[in-house]
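Please open the model in your viewer and display it as a cartoon. The stops below proceed by selection, each with a short account of what is found there.

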Amino acid sequence: MKTMADRSPAPEEPQTNGGAEEAGDEEEEDESPFTPPKGPKIIPWLLSLPFIVLFKLTIPDCSKERWKKWYAVSFLSSILWIAVISYLMVEFGIKLGRCLHFSTNVMGLTLLAAGTSVPDALSSITVAKMGKGNMAVSNAIGSNVFDILLGLGLPWLLSGVLVRHKPLPISTEGIVTYVCMLFGVLIVFLLMIRSTNWILKVWQGYVLFGVYIGFGCVSLVIDRS
């Protein structure tokens with residue numbers, strides 16, 4: 001006589017998500033930087049297409065299995081491209097300043113500073129969206145410390161030791177005013193986050209953005225006077 005257990009159907013084996021993983025891998029493989037996006041995003045894509053081609057040809061993609069051991073080459077190639085692009089940005093910034101009759105101080109405080117800070121801003125935005133506001137603030141402060149101590153100190157050291165073998169003169173026009181403005185911005189920032197018990201608020205972002213616009217306007221006025 002058969003029991004209920006004998007008549008019950010055999011338990012089905014749990015389905016794995018191997019198919020989903022394979023589909024996801026196929027989708028990732030289909031994604032290519034050479035595939036044009038739809039809508040208005042195609043304009044920046046077209047502008048950056050020459051760089052995409054150069055990066056694709058000169059920087060090994062370590063995310064792929066066959067290039068995993070080439071991580072050192074990828075790192076050094078990336079550093080080299082950063083150096084080349086930074087040099088071109090500085091040269092173009094200087095020439096643009098001459099065309100607009102702006103001094104190199106103003107171009108460094110506005111255009112060049114914004115260009116070099118965009119990657120830091122994007123990384124700070126990314127970690128802030130993840131709920132790590134302390135990391136975003138630390139990144140903003142740490143990047144400036146790095147720029148001042150190594151971004152200025154190391155080139156000056158190499159120039160004095162290997163090239164010039166003597167002190168390097170720099171332009172100090174308006175530097176006292178700019179340093180005072182920098183300290184003023186820092187004080188405003190500290191007072192704001194202290195007033196909210198060290199909690200970042202949305203309105204603080206608007207205030208800081210407005211302060212930066214004011215800083216740029218004052219720099220232009222000082223340069224024109």
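In what order do the elements of the protein chain run from the N terminus on? They run α-α-α-α-α-α-α-α, and the chain holds 8 helices and 0 strands; helices (H or I, at least four residues) and strands (E, at least two) are DSSP runs, numbered from the N terminus.

This is a predicted model, in which local features need pLDDT of at least 70 and side-chain atom pairs count only at pLDDT 80 or more, while totals for chains, interfaces and linings use all residues. Residues are numbered from 1 along each chain as its sequence is written, and side-chain values use heavy atoms, with hydrogens and water left out.

**Whole chain.** Colour the chain by accessibility. Of its 225 residues, 12% count as buried, where buried means under 20% relative accessible area, exposed over 50% and partly exposed in between (1.4 Å probe, protein chains only). Among contacts (heavy atoms within 4.5 Å) between residues at least 6 apart in sequence, 37% join residues at least 24 apart.

**Helix α4.** Select residues 71-99. At 1.5 Å a residue, the 29 residues of α4 should span 42 Å, and the end C-alpha atoms are 42 Å apart, which agrees; the expected span is 1.5 Å times one less than the number of residues. Ser74, Ser77, Trp81, Gly93 and Gly97 are buried in α4, and the buried residues of this helix pack against α3 (42-58) and α5. Just after α4, His101 has a positive phi of about 60 degrees.

**Helix α5.** Move on to residues 104-129. The 26 residues of α5 should span 38 Å at 1.5 Å a residue; its end C-alpha atoms are 35 Å apart, which agrees. Centre the view on Ser117, where α5 bends by about 40 degrees, with a proline, Pro119, following within four residues. The bend at a residue is the angle between axes fitted to the seven residues ending there and the seven starting there. The buried residues of α5 are Val106, Met107, Leu112, Ser124 and Val127; they pack against α4, α6, α7 (175-195) and α8 (202-224).

**Leu109.** Remain in α5 and pick Leu109, which lies in this helix. Not counting residues up to four places away in sequence, Leu109 touches Tyr178, Tyr212, Phe215 and Ser219.

**Helix α6.** Select residues 133-163. The 31 residues of α6 should span 45 Å at 1.5 Å a residue, and its end C-alpha atoms lie 43 Å apart, which agrees. A kink of about 30 degrees in α6 is centred on Asp147. Ala136, Ser143 and Ser159 are the buried residues of α6, and what covers them includes α5. His165 follows α6 and has a positive phi, near 60 degrees.

**Second largest pocket.** Finally, select Phe55, Lys56, Leu57, Ile59, Pro60, Asp61, Lys64, Arg66 and Trp67, which line the second largest pocket. By class, this lining has 5 nonpolar, no polar and 4 charged residues; Ala, Val, Leu, Ile, Met, Phe, Trp, Tyr, Cys and Pro count as nonpolar, Asp, Glu, Lys and Arg as charged, and the others, Gly among them, as polar. On a 1 Å grid over the protein atoms alone, a pocket is an open set of points where a 1.4 Å probe fits, with protein on both sides within 12 Å along at least five of seven lines, and lining residues have an atom within 4 Å of a point.
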